[in-house]
Amino acid sequence: MMSVIKTGVKYVYRFDEGNAGMVDLLGGKGANLAEMKSLGLPVPNGFIISTEACRAYMKEGLGLLDQLWPKVVEHMHYLEHVSGKTFGGEENPLLVSVRSGAPISMPGMMDTILNLGLNDRTVLALAENSRDPRFAHDCYRRFIQMFANVVLGIDLDHFEKVLSEHKKQLNIKFDHQIPEENLAKIISHFKEIVKSESGEPFPQDPWAQLKMAIEAVFRSWNNKRAVTYRKIANIPDDLGTAVTVMEMVFGNLGSDCGTGVLFSRNPSTGDKELFGEFLINAQGEDVVAGIRTPQPIGALKEVSPHIYEELKIVAEKLERHFKDMQDIEFTVERGKLYILQTRNGKRTAKAAVRIASDMVKEGIVDARTAVTRVTPKEIEQLLHRQVDPSADLSSIAEGIAASPGAATGKVVFDVDEAEERGKSGEPVILVRPETTPEDIHGLSRAAGLLTSRGGQTSHAALVARSLGIPCVVGCEAVNIDLIGERFTVGEFTVKKDDVITIDGTSGKVYPGEAPLIEPSMHEEYLHHFLDMADMFARLQVWANCDTPEEARQARKLGAKGVGLCRTEHMFRESDRLSIMQQVIVAEKVEDRMDALEKLARLQKDDFVEIFEVMQGLPVIVRLLDPPLNEFLPKGKDVAKKLAQLWSEGRGESPEAQRLEILLKRIEGLQEGNPMLGFRGCRIGVLYPEIYEAQAKAIAQAACELIKRGVDVKVKIMVPLVATGQEMCMLRANIEKAVAEIAESYGENWRCKIGTMIELPRAAIVADEIAEYADFFSFGTNDLTQTTLGVSRDDAEGKFLAAYVRLGIYTEDPFRTLDRKGVGALMKMAVEKGRSAKKDLELGICGEHGGDPSSIAFCDRIGLDYVSCSAMRIPVARLSAAHSSLGLLN
Ligand code: PEP
Ligand code: MG
């Protein structure tokens, strides 16, 4: 037979021949054991068969093992030599464990065999040497059981049945209570099972046991659970596992023995304290099996102070060496401590931030390393209330996760009722087909919002995000009966006042009160961590804010500016809405000017507050961009009022005449496709007085503050521009209005004027537009809608989810930028814009500005900043840093 062993390749390594850098070859477990050995830590002796051998085995099968065998035997002799024991020896037998260990951790997915080397004779020697025959026989029966299952594939149930029968007979509950006499009987019974199930007697030759065990560990790389785990965790299938063969140490030889698991810091809070548990007189598997209740590690201080102290030193040494929090397995045999494994410990998001922050302060890692230790997703978890992932829950429906966080409350369908009850402190979930600006009073008081229509960038989603309210939109399975105040999902009915829970992070809706986990971040650690992240980020993070409150919050969370202040959102309050309606309804300019003046006064006060909060930082105010009909009352409500007046004989009254005009105007403004209709700068072009009044209000606010010595960095942005001509006209008007106000204050103040790029045409003629714009901000909500030709309000709940499921789009394009389409247009606009104006400032203010993958793309095409809703700022700051560090693509 041809040799499958590559000449000159080393397949087997002693612990003292490896190190932590050899993870790919020796697996995580093996490499770390080798490293610990070189640190002089108390690790049992052993050797590792490399992943390369496993890969060769997968190609060649058993032939590989035959050829490898002399090397394994040689290393076993080395183990015999250093331990002074003999493998299969009848006086002082060497027993080993055979463990799997992949380059990437796959906890519990592959196999391990303990106590290997025991047979009918060596068990007697072990009994004699340990002076504990019960212990020896218990090890043997465990070994047969484990070997039969892992190596021979015999179902564990056969063995469990025998054990249960014995326990029943003896009237005892636990395995460790089984007396020695019964263990002997159980062992012979176990051997019979092996014979009848496998057709062969239980192998008595330890060398045969070893060979079979090594092969079984190799094979376990491809067992079903390991293959599934790799698929989920995105681990390549061709890495292979290493096999670690290590001298057994026993934690079950008496009361001066024990075993345990230890974290060098608290993995749920990140506190700097030893955290873990131990069992006296037990083998490692007992801790995991949950048969006996382990004691918290702190209790070891009393039970064995010197072991506790030693563990503390080891944990600290390992942390400093591996530069991360460690998850350590240990065993104490007759008062001597052995470390059996160490690896970087898994931790909650909260602990991850605290540990990263503390380890920099303690000088264990540098800031760059610390920043890589927390993912943007973890930051998101930290900031919002969550549905407890360990709870066994079934949802009744799933919509689009539009604003993160979870909320429980009584269902309310009426917006006014939501306002009233919310105001009095009652948590309510507002359920509506969709929302409009008129609903803001109720929406802002709700604990959560659920809509059956709409997508990521619908009104409900935008407002909920800006207010920080959990929100699920586009939940089409929910059939809402507003009159009957109930909704149904299939057979399930939810009435007004029934309690539901919505999860705006997953999009799920649950009946009743689901268990929630409160966010519990220690702000000091988060701020320190994010400040470190900023050191590596090229992109700045700005915020989308419409109110002074939001601006305050954004600044607190580290925003370096306001990238989008949507002025139409400032008309949400009902007193302003009616003035806004007067502006729209007015047919004559004089009438409109009256209402506009009132509106501008109110807006100016808001601007003053926002600019003051953001002093020293840029604030981009966007001029009005609503589909105008959105701001008008609903036609049918007006018609109803009018009919009422007629029925009361007041059909000719001035009020009725006003309603008539209003009704006509509503009809006149109706559009089949409002998103592509009379909105954005088209309003400014046809009703120049509206943008003029807004520009003046902005300039007044700025000049007032300048007079008070406040550092104002305001810019004005024009929405929905498609041509250079639009921008040219509007810029001239805005400049004129600003100059007029500045002069009236005796100031020389001027501001930058830029535009959104949110239509494909704008991207295509970006060079032309750039001649009249000082900056561009990508409005990727509209740019996605218009590039893909899909409605931002409807598509996600309807066909887009199916498109994602079918792989036509890899992600929801309203959440994560469609790089090939929308992204290509952005890139073109960047290039063309900068070719016309070298110092053109570039940013993004569509919802993608808070999405990690989209942020990485914006970084790559050279934008200067991303702007997102306040609550996403921490996620965006870390994403910007991870993008610079090459961790996000
Ligand atoms: C956009 O279109 O991306 C944008 C930010 O504007 P709006 O969502 O207000 O249309
Ligand atoms: Mg837009």
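By class, 3 nonpolar, 4 charged and 3 polar residues make up the lining of the largest cavity. Here Ala, Val, Leu, Ile, Met, Phe, Trp, Tyr, Cys and Pro count as nonpolar, Asp, Glu, Lys and Arg as charged, and the others, Gly among them, as polar. This is a predicted model, in which local features need pLDDT of at least 70 and side-chain atom pairs count only at pLDDT 80 or more, while totals for chains, interfaces and linings use all residues. Residues are numbered from 1 along each chain as its sequence is written, chains are lettered from A and ligands numbered from 1 in written order, and side-chain values use heavy atoms, with hydrogens and water left out.

What is a cavity? On a 1 Å grid over the protein atoms alone, a cavity is a set of points where a 1.4 Å probe fits but cannot get out. Lining residues have an atom within 4 Å of a point. Grid points are joined across faces, edges and corners, and a volume is the space filled by probe spheres set on the points. By this rule there are 3 cavities of 30 Å³ or more.

Start with the largest cavity. It holds about 70 Å³ of space. Its lining is formed by Leu 462, Arg 465, Ser 466, Asn 544, Cys 545, Asp 546, Arg 566, Glu 847, Cys 868 and Ser 869. H18 gives the most, with 3 residues. Helices (H or I, at least four residues) and strands (E, at least two) are DSSP runs, numbered from the N terminus.

Now move to the second largest cavity. Its volume is about 60 Å³. Around it sit Phe 571, Met 580, Leu 596, Leu 599, Ala 600, Gln 603, Leu 624, Ile 690, Ala 693 and Gln 694. Helix H22 (589-613) and helix H26 (688-707) are the elements that give two or more residues to this lining. H22 gives the most, with 4 residues. The lining divides into 8 nonpolar residues, 2 polar and no charged.

Next comes ligand 1. Which residues are closest to ligand 1? Of the 14 residues that surround ligand 1, the closest are Arg 566, Arg 622, Gly 779, Asn 781 and Arg 792. A residue counts as near a molecule if one of its heavy atoms lies within 4 Å of it. Arg 566 also lines the largest cavity.

Look at the polar contacts, which are pairs of N or O atoms within 3.5 Å. A polar side-chain atom of Arg 792 is 2.8 Å from an oxygen atom of ligand 1. For a polar side-chain atom of Arg 622, the distance to an oxygen atom of ligand 1 is 2.9 Å. Thr 780 uses a polar backbone atom, 3.0 Å from an oxygen atom of ligand 1. Taken alone, ligand 1 exposes 280 Å², and the protein buries 97% of that. These accessible areas come from the Shrake-Rupley method with a 1.4 Å probe. Strand E27 (562-566) and helix H30 (780-788) are the elements that give two or more residues to the shell around ligand 1. The largest share, 3 residues, comes from H30. By class, the shell has 3 nonpolar, 4 polar and 7 charged residues.

Finally, follow H30 itself. It is largely enclosed by the rest of the structure, because 7 of its 9 residues are buried. Buried means under 20% relative accessible area, exposed over 50%, and partly exposed in between (1.4 Å probe, protein chains only). The buried residues of H30 include Thr 780 and Asn 781. After H30 comes Gly 789, whose phi is positive, near 65°.

How values were computed: 1 Å grid on protein atoms, 1.4 Å probe; cavity = no way out; pocket = protein on both sides within 12 Å on 5 of 7 lines; lining within 4 Å. Polar contact = N/O pair within 3.5 Å; in protein donor to acceptor, adjacent residues only side chain to side chain.
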